[in-house]
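Subject: Structure handover and notes

Hello,

Please find the sequence and structure below.

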Amino acid sequence: MTEMVEFAKMNGLGNKILVVDMRGRDDRVTPEAAVALAAEAETGFDQIMAIHDPKIDGTDAYIDIINCDGSKAQACGNGTRCVVQALSAETGRKAFTFQTVAGVLNAVEHEDGMISVDMGKPVFEWNRIPLAEEFHDTSRIELQIGPIDDPVLHSPSVASMGNPHAIFWVDRDPMSFDLGRFGPLLENHPMFPEKANITLAQVTGKDCLRTRTWERGAGLTLACGSAACAAGVSAARTGRTVRKVTIDVASSPSRQPLVIEWRERDDHVVMTGPAEWEWSGHLDPVTGAFERDAEAGASAK
């Protein structure tokens, strides 16, 4: 068996996260290990945030992000907050800089425990999101689900926050839609050559939204940070809200909101929200075999 590594079971607004410490090693968490861990009730997750030694100067770590189906993700805002909380508890530091596939992210833990992550600039160019067809204006594209004369969902705003997102604007509670049925169809729609995260967004005020997301590679999720960022940006871009919004993630078991600010001065999107530690253990990054630390209630798989 490969030497076990430390990990923590955490969540960001219910978004299920495994933070895995791969520092000091040259290997990776394998897709097979991810699938095995996702299949277990105790370790079921939306994303693995694997912390590796930094690859470039000026960063604290390289973060490898893995979905529950074993595929790679470019960005995970809720997971990044979990990494910050874990490293802050370990080091006493409050500010960190991470490298991901999507770029370099800065994050800070505040005195009240809330964590802000600078998610960088949104991308609106059709070929960079990417889309399969050219659209001059990606704030509203031609795509719908349902009858042509009475579609259930239509005309989404699309953007990339390091990963592709489609935001469908709805006029009632996002929880009232059968997203479990429509999500897979839209995630895998030919319009999205790299698939897409699918979000239903209801505007509830000039500075607030209510959302629910089908996450690419993970399915129905309790929360998705990058989707909240994409929704906040798209709402401001289309004149539905101001540039700083409070987002009620409808599917989250937590009633704490996310605050999304699309800054005018540098075009960056800053997401602020909570992270929660649940328990810790050790796992085999090759097979996914794991054991919980004794103080959390010993068990092994």
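Along the principal axes, the C-alpha atoms occupy a box of roughly 60 × 40 × 35 Å.

Before the details, two remarks on the basis. This is a predicted model, in which local features need pLDDT of at least 70 and side-chain atom pairs count only at pLDDT 80 or more, while totals for chains, interfaces and linings use all residues. Residues are numbered from 1 along each chain as its sequence is written, and side-chain values use heavy atoms, with hydrogens and water left out.

Confidence

The mean pLDDT of the protein chain (the predictor's confidence in each residue, from 0 to 100) is 95, and 98% of the residues reach 70 or more. Residues 296–300 have pLDDT below 50, and in the model this stretch has ten contacts beyond near neighbours in sequence. A contact here means heavy atoms within 4.5 Å.

Overall make-up

The protein chain has four helices and 20 strands. These are DSSP runs numbered from the N terminus, with helices being H or I of at least four residues and strands being E of at least two. Of the contacts with a separation of 6 or more, 61% join residues 24 or more positions apart.

Buried residues account for 56% of the 301 in the protein chain. Buried means under 20% relative accessible area, exposed over 50%, and partly exposed in between, with a 1.4 Å probe and protein chains only. The accessible surface is about 12,600 Å², and carbon and sulfur atoms hold 49% of that. The areas come from the Shrake-Rupley method with a 1.4 Å probe, and for residues only the protein chains shown count as cover.

Cysteines

How many disulfides are there by the distance rule? The count is zero, where a disulfide is a pair of cysteine sulfur atoms within 2.5 Å. For cysteine 208, the closest cysteine sulfur is that of cysteine 229, and at 17 Å it is too far for a bond. For cysteine 224, the closest is in cysteine 76, and 6.7 Å is also too far for a bond. Cysteine 224 is buried, at 6% relative accessibility.

Aromatic pairs

A search of the whole structure gives four aromatic pairs. Rings of Phe, Tyr and Trp (its six-membered ring) pair if their centres lie within 6.5 Å; planes under 30 degrees apart count as stacked, over 60 as edge-to-face and the rest as tilted.

Phenylalanine 124 is in the loop between S8 and S9 and tryptophan 262 is in strand S17, so the pair ties together parts that are 138 residues apart in sequence. Both phenylalanine 124 and tryptophan 262 are buried.

Tryptophan 279 and phenylalanine 290 form a tilted pair, at 6.5 Å centre to centre and 35° between the planes. Tryptophan 279 sits in strand S19 (residues 276–283) and phenylalanine 290 in strand S20 (residues 290–292), eleven residues apart. Tryptophan 279 is buried at 6% relative accessible area, and phenylalanine 290 is buried at 1%. Ring pairs also join Phe7, Trp279 and Phe290 into a cluster.

Backbone and loops

The peptide bond from isoleucine 129 to proline 130 is cis, with omega near -5°. Proline 130 is in the loop between strand S8 (115–118) and strand S9 (144–145).

Serine 155 has a positive phi, near 50°, although the residue is not glycine. Serine 155 lies in the loop between strand S10 (153–154) and strand S11 (157–160), and is buried at 14% relative accessible area. Lysine 195 also has a positive phi, near 65°. Its loop runs between helix H3 (179–187) and strand S13 (197–205), and lysine 195 is partly exposed at 35%.

Serine 252 is in the loop between strand S16 (244–249) and strand S17 (258–262). Serine 252 is buried, with 5% relative accessible area. Leaving out residues up to four places away in sequence, serine 252 touches Leu13, Gly14 and Leu222.

Regards
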